[in-house]
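Subject: A structure for you to look at

Hello,

Here is the structure I promised to hand over.

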Amino acid sequence: MPEFTTNQWAILFLVLVLGWLLGLVSRSGGRKWKRAYEAERDARADEQAELDAARARVAELEAARPAPAPAATVVEEPVAAEPVTTTETLDLARDDLSLIRGIGAAGQRRLNEEGIYRYSDITGLTPAEEAELEKRLGADDGYIEQEQWREQAALLESGQIDQHRATFG
């Protein structure tokens, strides 16, 4: 094994200290990732609390539901049966409203909350309904007409997607 002089030991020590200091200075920002992790953890905890509250509310409502009357004591008059909606008869198809310029994904969610799921719902809006929808969405007056939602919805409803892209981008 080679012998080291005092100067070589001192240089080796200085190199190690400088390397350690350089490592501290060039850290990859561990605090940033820790804050992001904590924010995500808190958000998930909030979501779990909301889910637990909703489950508790469902259990409360189910417990408060009145018990069905015994079948022997109840005499019911025959009533015309209403059609039953099943998964086979329920129309779960929704049009992709985000294809309409001026709506986007967030706008589609807000329109769905307002009960608008199809292109025909947009093309069938009366001017009064259009103005009311603009108010509920917080849009400027005339926004739907300015962005030509009806025209775009009509093209998309008829399947003219290429024409829609050529005209409205």
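Gln148 sits in the loop between α6 (143-146) and α7. Its phi is near 60°, a positive value in a residue other than glycine. For background, most residues other than glycine have a negative phi.

Before going on, a word on the source: this is a predicted model, in which local features need pLDDT of at least 70, side-chain atom pairs count only at pLDDT 80 or more, and totals for chains, interfaces and linings use all residues. Residues are numbered from 1 along each chain as its sequence is written, and side-chain values use heavy atoms, with hydrogens and water left out.

How confident is the predictor in the protein chain? The average pLDDT (the predictor's confidence in each residue, from 0 to 100) is 85, and 84% of the residues score at least 70. Confidence is highest in helix α1 (residues 6-25), at a mean of 93, and lowest in helix α8 (residues 161-168), at 88.

On the overall fold, the protein chain has eight helices and zero strands (DSSP runs numbered from the N terminus: H or I of at least four residues for helices, E of at least two for strands). Of its 169 residues, 15% count as buried.

The axes of α7 (residues 149-157) and α8 come within 7 Å and cross at roughly 150°; axes are lines fitted to C-alpha atoms, for helices over the stretch in contact, and angles run from 0 to 180 degrees between N-to-C directions. The two helices are therefore roughly antiparallel to each other (the term covers angles over 145 degrees). Glu151, Gln152, Leu155 and Leu156 in α7 meet Ile161, Gln163, His164 and Phe168 in α8, where contact means heavy atoms within 4.5 Å.

Finally, the aromatic rings. Rings of Phe, Tyr and Trp (its six-membered ring) pair if their centres lie within 6.5 Å, and planes under 30 degrees apart count as stacked, over 60 as edge-to-face and the rest as tilted. By this rule the count comes to two aromatic pairs. One of them joins Tyr143 and Trp149 edge-to-face, at 5.9 Å centre to centre with 85° between the planes. Tyr143 is partly exposed, at a relative accessible area of 23%, whereas Trp149 counts as buried at 4%.

Best wishes

How values were computed:
Buried < 20%, exposed > 50% of the residue type's maximum accessible area, 1.4 Å probe, protein only. Parallel < 35°, antiparallel > 145°, perpendicular 65-115°, else oblique.
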